[in-house]
Amino acid sequence: MTKQELNKFKVTLENKQAELLRVIVNREGIEIEKSPDALDEVQHATERELAIRNLDRDSALLRHVRAALIRSTDGSYGVCMHCEEDISPKRLQAVPWAAFCISCQETADRNQALGQESFDDMLVSA
Ligand SMILES: [Zn+2]
């Protein structure tokens, strides 16, 4: 990967990081109203759960983006963290924070689907 290509990915990652931070901060500011109505309570609980799930997902993504930014400064960006092969440029275009090549990712996804231990929490589904 050329320095120019790396810089382009870096800009993409930095933008993504800023976007996620904005979303996460906004969401944390949302107050969930208390309601005397039991049905509303259920509705609010569901909304709260959904908000928490989204927050979890965005926080996880933010971790991946940050990890990728760190790799972009130490020279390991674009290299699979599992088999150390180069990650294909096409995959990086689609998932700039990818930490694994497609075949390692597929193995990890399969293991995860089977409920087995995944490599670690670096996994992101494209
Ligand atoms: Zn790999």
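Me: What should I know about the model and its numbering before I start?
Reply: The model is predicted, so local features need pLDDT of at least 70 and side-chain atom pairs count only at pLDDT 80 or more, while totals for chains, interfaces and linings use all residues. Residues are numbered from 1 along each chain as its sequence is written.

Me: How many helices and strands are there in the chain?
Reply: Helices (H or I, at least four residues) and strands (E, at least two) are DSSP runs, numbered from the N terminus. Here the chain has 4 helices and 0 strands, giving the pattern α-α-α-α along the sequence.

Me: What span should helix H4 have?
Reply: The expected span of a helix is 1.5 Å times one less than its number of residues. For the 12 residues of H4 (residues 102–113) that gives 16 Å, and the end C-alpha atoms are 16 Å apart, which agrees. After H4 comes Gly115, with a positive phi near 80°.

Me: Which residues of H4 are buried?
Reply: A residue is buried if 20 or more other C-beta atoms (placed from the backbone) lie within 10 Å of its own, exposed if 12 or fewer, and partly exposed in between. In H4 the buried ones are Cys104, Gln105 and Ala108. They cover an arc of only 100° around the axis (taken from the directions from the helix axis to the C-beta atoms), which puts them on the same side of H4. The other side has Ser103, Glu106, Arg110 and Ala113, which are exposed.

Me: Which residues have the most contacts inside the largest nonpolar core?
Reply: A nonpolar core is a set of buried Ala, Val, Leu, Ile, Met, Phe, Trp, Tyr and Cys residues joined through C-beta atoms within 7 Å. The largest one has 15 residues, with Ala98 and Phe100 having the most contacts inside it. H1, helix H2 (38–74) and H4 are the elements that give two or more residues to this core.

Me: What does Phe100 touch?
Reply: Two residues are in contact if their C-beta atoms, placed from the backbone, lie within 7 Å. Leaving out residues up to four places away in sequence, Phe100 touches Cys80, Met81, His82, Gln105 and Ala108.

Me: Is Met1 buried, exposed or partly exposed?
Reply: Met1 counts as partly exposed, because it has 16 C-beta neighbours inside 10 Å. Met1 lies in the segment before helix H1 (3–28).
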